[in-house]
Amino acid sequence: MSHDQSPNVPAERDRREAVREKAQQVKAKQTRWRIVRRSLIGLGAAAVVAVGAVGVTSALSSHESRSQALPAAASDDGFTITTATGVADPLTAPAVDGNAGTMAAGAAPTAEPSPTPTGTAAPVDIRVYVDYMSLEAREFQTANAQQLSKWVGDDAATLTYYPVAMLTSKSNGTKYSLRAAGAAACVATHAADRFFAFNHELLTNQPAVDSDGYSDEQLADMAQGAGVADTDTVRTCIEDETYTGWAKAATDRAIKGLPDTNGQALTATPTVLVNGTPYVGRMDDAKEFAQFVLTVDSNAYYSTATPTPSASATPAG
């Protein structure tokens with residue numbers, strides 16, 4: 001007697017088909033997940049790149065903005081003193097007579113000039129190019145601050161400082177000269193009435209050559225100590241190094257040529273010009289500088305003065 005096994009064949013075949021179908025479903029699901037995961041990774045990478053690009057663009061834009069920032073108070077890269085206060089008492093300084101075009105410097109000429117000029121002389125123009133790490137710039141400021149303040153206060157002179165950065169490499173990589181010049185521009189722009197005092201502080205309390213110099217935070221503290229009113233604005237300007245790009249460009253321009261000097265160029269600091277004439281005397285001798293200013297100013301005065309006409313005698317009748 002034989003047994004028919006055919007009824008079990010379809011059942012086994014159905015089981016294998018079910019397993020194969022299940023495997024295909026799992027494979028399809030895994031494929032779809034891999035596609036989704038790759039898409040998510042791609043989107044994530046794109047987002048990271050986009051964020052990075054925004055960050056780089058922002059950083060470049062910020063740097064470009066700083067490098068293009070120009071101090072509104074600058075004229076030919078210089079800052080004219082409007083208020084010469086905040087330093088030692090200027091009353092002991094040699095006096096300048098702005099109307100007569102003469103200056104008492106403790107060693108005034110003994111001979112009276114002839115002919116006697118009439119009219120009023122224009123204020124003498126004094127321009128000083130300073131690097132805030134220059135020893136001779138410190139000597140000039142220390143010796144002459146009082147009489148410069150006096151002359152400006154008497155309207156006998158106009159005084160303009162030009163911050164430059166010729167000793168940038170002399171501060172162990174901190175670029176102190178450049179940062180100090182930029183800080184000076186911040187004060188001149190946002191607190192013009194305190195620029196003379198801050199400039200004086202930077203020069204008379206300058207760091208040693210080949211030292212790190214002051215940090216940006218310390219420079220901001222010095223500006224606050226000089227009496228600036230809007231401390232937050234000035235501090236932000238200094239600590240952001242807003243005008244360091246301008247300071248470098250201004251130095252490059254001065255090295256190529258100084259304005260209104262017939263081709264003179266900046267070769268050392270300080271460079272002091274009186275009515276365009278370079279001062280070559282001792283930087284630490286106030287009397288010598290005062291005598292130089294007197295001489296230049298007198299020459300300018302006499303070259304423009306109009307002699308007083310003499311009265312004609314009337315013949316006796």
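Reader: Which hand does the crossing of α4 and α5 have?

Author: The crossing in which α4 passes α5 is right-handed, a term used when the near helix is turned clockwise from the far one by less than a right angle, with anticlockwise giving left-handed. Helices here are DSSP runs of H or I with at least four residues, strands are runs of E with at least two, and both are numbered from the N terminus. Before going on, please keep in mind that this is a predicted model, in which local features need pLDDT of at least 70 and side-chain atom pairs count only at pLDDT 80 or more, whereas totals for chains, interfaces and linings use all residues. Residues are numbered from 1 along each chain as its sequence is written, and side-chain values use heavy atoms, with hydrogens and water left out.

Reader: And at what angle do the axes of α4 and α5 cross?

Author: The axes of α4 (residues 195-204) and α5 (residues 216-225) cross at roughly 130° and come within 9 Å, where axes are lines fitted to C-alpha atoms, for helices over the stretch in contact, and angles run from 0 to 180 degrees between N-to-C directions. That makes α4 oblique to α5, since angles under 35 degrees count as roughly parallel, over 145 as roughly antiparallel, 65 to 115 as roughly perpendicular and the rest as oblique.

Reader: Which residues meet there?

Author: On the α4 side they are Phe198, Glu201 and Leu202, and they meet Leu219, Met222 and Ala223 in α5, contact meaning heavy atoms within 4.5 Å. By class, this contact of α4 with α5 has 5 nonpolar residues, 1 charged and no polar, where Ala, Val, Leu, Ile, Met, Phe, Trp, Tyr, Cys and Pro count as nonpolar, Asp, Glu, Lys and Arg as charged, and the others, Gly among them, as polar.

Reader: OK, what about α5 and α6, how are they arranged?

Author: Helices α5 and α6 (residues 231-239) pack at an angle of about 150°, with their axes 9 Å apart, and they are therefore roughly antiparallel to each other. α5, too, passes α6 in a right-handed crossing. From α5, Asp216, Glu217, Leu219, Ala220, Asp221, Ala223 and Gln224 meet Thr231, Val234, Arg235, Ile238 and Glu239 in α6, and the residues of this contact divide into 5 nonpolar, 2 polar and 5 charged.

Reader: How do α3 and α4 pack?

Author: Helices α3 and α4 pack at an angle of about 165°, and their axes are 9 Å apart. That makes α3 roughly antiparallel to α4. Tyr176, Ala180, Ala183, Ala184, Val187 and Ala188 in α3 meet Phe195, Phe198 and Leu202 in α4, and by class this contact of α3 with α4 has 9 nonpolar, no polar and no charged residues.

Reader: Switching topic: how many residues are in the largest nonpolar core?

Author: The largest nonpolar core has 59 residues, and those with the most contacts inside it are Ile126, Leu159, Tyr161, Phe195 and Phe289; such a core is a set of buried Ala, Val, Leu, Ile, Met, Phe, Trp, Tyr and Cys residues joined through side-chain atoms within 4.5 Å. Helix α3 (residues 176-190) gives the largest share of this core, 10 residues. Apart from this core lies another of 7 residues, among them Tyr129, Tyr162, Val164 and Ala254.

Reader: What does Phe289 touch?

Author: Leaving out residues up to four places away in sequence, Phe289 touches Ile126, Phe140, Asn144, Gln147, Leu148, Trp151, Val272, Val274 and Tyr279.

Reader: And what share of the chain is buried?

Author: Of the 317 residues of the chain, 35% count as buried, which means under 20% relative accessible area, with exposed being over 50% and partly exposed in between (1.4 Å probe, protein chains only).

Reader: Now the backbone: where is the cis peptide bond?

Author: The cis peptide bond joins Thr269 and Pro270, with omega about 0°, and Pro270 lies in the loop between α7 and β6. Ala268 also lies in the loop between α7 (244-256) and β6 (271-274), and at 38% relative accessibility Ala268 counts as partly exposed.

Reader: Is Asp155 buried or exposed?

Author: At 59% relative accessibility, Asp155 counts as exposed. Asp155 is found in the loop between α2 (135-153) and β5 (157-163), and has a positive phi of about 60° although it is not a glycine.
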